[in-house]
Amino acid sequence: MEKFIIYQAFTRLFGNKNNTNKPSGTIRENGCGKFNDFTSEAFKGIKELGATHIWYTGILEHASKTGYPEFGIQASPAEIVKGQAGSPYAIRDYYDVCPDLAEDVPNRMGEFENLVNRTHEADLKVIIDFVPNHVSRLYKSDAKPEGVFCLGEHDNQAEAFSPKNNYYYIPGQPLRLPNTTDPVQRGVFYEFPAKVTGNDSFTANPEEHDWYETVKLNYGVDYLNGHAKYFDPVPNTWYKMLEILSFWTDKGIDGFRCDMAEMVPVEFWEWVIPQIKEKNPSLIFIAEVYNPQLYREYIHKGRFDYLYDKVGLYDTLKGVLQGKQSATDITRCWQDIDDIKQHMLNFLENHDEQRIASEYFINGPFAILPALVISTCLHPGPYMHYFAQDVGEKAADTEGFSGNDGRTSIFDYWGVESHQQWMNKGEFDGANLTQEQKRLRKLYTDVLNFAKNEKCISEGLFYGLQWANKDNPEYDSEKIYSFLRYNDNEVLLFICNFSDEIKVVNLIIPDDAMEMSGLKRLCHFKGEEISFNFGSTEIEFAQKRFLRLNHETEARDVLIYRIRK
């Protein structure tokens with residue numbers, strides 16, 4: 001079984017070489033990355049990190065203040081667009097790609113298809129977003145195939161809910177958007193009757209924190225009447241989503257990252273995923289699901305291949321790094337998902353989360369090492385890496401709609417400075433990186449390739465050592481986390497130090513761990529110390545000493561010992 005390393009590229013930002021960075025700047029002022037920026041040199045740099053897949057984020061056409069009227073593409077009204085570029089999750093046409101990403105706008109789909117082909121030629125797989133829960137308030141597909149009807153085209157807008165409708169409505173009430181005057185007086189954007197907002201805000205007056213630029217899609221669940229389900233006959237929205245997924249599958253993509261999948265009934269996924277996999281059995285579905293109580297339902301019933309492990313491992317590792325949680329809390333993370341661990345996708349950054357090097361996270365990229373090793377090596381599931389994470393992007397900008405919050409904006413046109421240093425005007429050779437950035441990128445390169453290539457990680461078993469050392473006075477269980485990964489041929493021993501101080505560790509490895517891993521049958525063995533900073537040295541232990549080893553770990557460092565059987 002191969003361990004996937006997914007490289008998330010925010011497509012609009014990835015290839016942008018413009019460094020004007022004017023807050024709330026237009027596309028002409030701040031520039032925009034293109035499909036064609038993903039060159040053979042770019043793919044080489046991505047593959048160096050061990051990537052097996054690229055998630056091209058923000059491909060589908062979405063609401064934007066940028067228009068191309070000469071090609072029949074109008075700018076969306078400002079009231080329903082966040083930022084200048086707009087949210088890539090306010091979809092305006094499921095059957096089209098974002099025109100900003102094309103050099104030749106009329107040929108934008110052809111440029112995307114060429115991107116898919118180039119990615120495959122580079123021996124990488126393609127993942128794109130599927131956004132099933134909500135669309136832009138002015139959704140209208142002008143690129144849909146012949147015979148396909150548009151969302152809402154046959155809705156009865158007098159009904160708040162009907163399983164035949166694609167949207168939910170607030171009959172008799174106009175939409176009043178936040179920070180606007182009376183909708184009738186304003187005369188720019190007028191919606192009557194109001195549609196329900198994408199984050200399940202069943203009101204004609206969504207608030208500023210709501211996803212007010214989107215409307216929720218109706219999958220046959222009457223949310224205001226006990227969440228009653230009307231799935232027989234199959235709701236019209238289900239068929240429309242099947243058509244959309246089939247369209248993109250036929251383009252040769254290899255997977256869908258499904259936005260807010262838990263806000264769509266699991267019965268829909270149970271119905272649609274097997275049908276899509278009949279077209280391409282190797283295609284993968286990744287679900288953004290944040291409720292742990294739904295994990296197994298969306299895997300076993302919903303047929304998802306992978307789910308985000310956000311509220312478990314990600315949140316816990318962040319808490320440990322920030323000194324707000326104990327390293328021992330990591331044990332609960334793997335225990336809670338032990339039966340589905342191969343389905344859980346780990347990450348330390350993505351477009352929704354704060355950058356590691358930002359002042360809001362840990363204000364320094366190298367302190368991430370113990371969390372990175374755990375996130376990539378704890379279980380066989382995929383790991384996802386966000387672009388510019390490996391060069392210490394701080395996101396210390398106020399881009400426009402996105403303020404200075406430690407996140408890279410998904411709403412604005414912008415140049416990501418640290419990424420541009422690595423990109424080097426399209427050479428993708430890192431020539432403009434500082435020595436510290438080069439060292440950081442090598443660290444990520446070494447760890448990610450180690451995690452991908454080690455059979456103990458992708459196929460081996462796991463033994464957690466924290467419980468055996470919780471009362472060990474010579475082991476700081478608040479700051480140290482240790483575990484084994486093993487198979488028939490070898491054992492990997494991990495000792496991860498989350499402390500800002502050097503720690504001397506006397507680690508107890510219990511007898512059943514020795515027995516299960518096969519170490520107990522060895523009288524003598526060689527342990528190879530794996531270091532991501534200083535090369536390798538060989539050390540030799542006798543079995544009796546292996547039960548209690550004296551290790552000195554550097555601050556925020558990891559020791560990994562390979563013991564061959």
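**Notebook: aromatic rings and their neighbours**

I looked up Phe130 to begin with. Phe130 has 2% relative accessibility, so I log Phe130 as buried. The cut-off for buried is under 20%. I am working from a predicted model.

Next I ran a search for aromatic pairs over the whole structure. The search returned 43 of them.

I took the pair of Phe14 and Phe428. Their rings are stacked, with 15° between the planes. The centres are 5.8 Å apart. Under 30 degrees counts as stacked, hence the label. I then checked where the two residues sit. Phe14 is in helix 1, residues 11-14. Phe428 is in the loop between helix 12 (417-423) and helix 13 (435-453). The pair therefore ties together parts that are 414 residues apart in sequence. Buried or exposed, I asked of Phe14 and Phe428? Both Phe14 and Phe428 are buried.

I came back to Phe130 through its pairing with Tyr94. I log Tyr94 and Phe130 as tilted, at 45° between the planes. Centre to centre, I read 6.4 Å for this pair. Tyr94 belongs to strand 4 (residues 91-97), and Phe130 to strand 5 (residues 125-130). These parts are 36 residues apart in sequence, so the pair ties them together. Tyr94 has 0% relative accessibility, so Tyr94 counts as buried.

Last, I looked for charges over rings. Which residue lies over the face of Tyr167? I found Lys195 there, 5.5 Å from the ring centre. I also noted Arg355 over the face of Phe387. For Arg355 the distance to the ring centre is 5.3 Å.

Key
Residues are numbered from 1 along each chain as its sequence is written. This is a predicted model: local features need pLDDT of at least 70, side-chain atom pairs count only at pLDDT 80 or more; totals for chains, interfaces and linings use all residues. Side-chain values use heavy atoms; hydrogens and water are left out. Rings of Phe, Tyr and Trp (its six-membered ring) pair if their centres lie within 6.5 Å; planes under 30 degrees apart count as stacked, over 60 as edge-to-face and the rest as tilted. Helices (H or I, at least four residues) and strands (E, at least two) are DSSP runs, numbered from the N terminus. Buried means under 20% relative accessible area, exposed over 50%, partly exposed in between (1.4 Å probe, protein chains only). A charge sits over a ring if NZ of Lys or CZ of Arg is within 6 Å of the ring centre and within 35 degrees of the ring normal.
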